[in-house]
Amino acid sequence: MSTVRHLVMVRLRDGFTPAEKRSHTERIKRELEALGRRLDGVKSFTVHIDPLPTSDIDILFDSVFASKEGIA
């Protein structure tokens with residue numbers, strides 16, 4: 001079986017101050033990384049905050065699963 005990479009990009013809604021946005025993204029990162037360690041079939045799980053300065057994406061989840069069945 002081959003591995004499957006799953007990318008999820010998230011943009012937070014408008015209206016947060018920069019400090020609020022940073023606080024929210026850091027909390028989401030901590031919680032998702034904790035969840036990623038508990039999922040079966042996950043080979044790697046990384047959460048990036050502000051992945052590209054030229055993008056409006058706030059959070060990027062990058063996960064690699066052992067098989068397509070592990071993603072379901």
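This is a predicted model: local features need pLDDT of at least 70, side-chain atom pairs count only at pLDDT 80 or more; totals for chains, interfaces and linings use all residues.
Residues are numbered from 1 along each chain as its sequence is written, and side-chain values use heavy atoms, with hydrogens and water left out.

E33 pairs up with K29 in a salt bridge, with 3.9 Å between the closest N and O atoms (a salt bridge needs a side-chain nitrogen of Lys or Arg within 4 Å of a carboxyl oxygen of Asp or Glu). Both residues sit in helix α1, four residues apart, which is about one turn of the helix. K29 is partly exposed too, at 26%.

## The fold around it

Along the sequence the pattern reads β-α-β-β, so to speak one helix and three strands (helices are DSSP runs of H or I with at least four residues, strands are runs of E with at least two, numbered from the N terminus). The C-alpha atoms fill a box of roughly 45 × 25 × 15 Å along the principal axes. Of the 72 residues, 24% count as buried.

Where does D62 sit? D62 is in strand β3, residues 59-65, and is buried at 16% relative accessible area. R5, in contrast, counts as exposed at 55%.

The two form a salt bridge, with the closest N and O atoms 2.8 Å apart. That ties together distant parts of the chain: R5 belongs to strand β1 (residues 4-10), D62 to strand β3, and 57 residues separate them. Leaving aside neighbours within four places in sequence, D62 also has contacts (heavy atoms within 4.5 Å) with residues including H6, L7, F45 and H48.

## Other salt bridges

How many salt bridges does the structure hold? There are eight. One of them joins R22 and D50 at 3.5 Å, N to O. Here R22 is in helix α1 (residues 18-38) and D50 in the loop between β2 (42-49) and β3, 28 residues away. R22 is partly exposed at 40%, and so is D50 at 41%.

R11, D14 and D56 are also tied into a salt-bridge network.

Methods
Buried means under 20% relative accessible area, exposed over 50%, partly exposed in between (1.4 Å probe, protein chains only).
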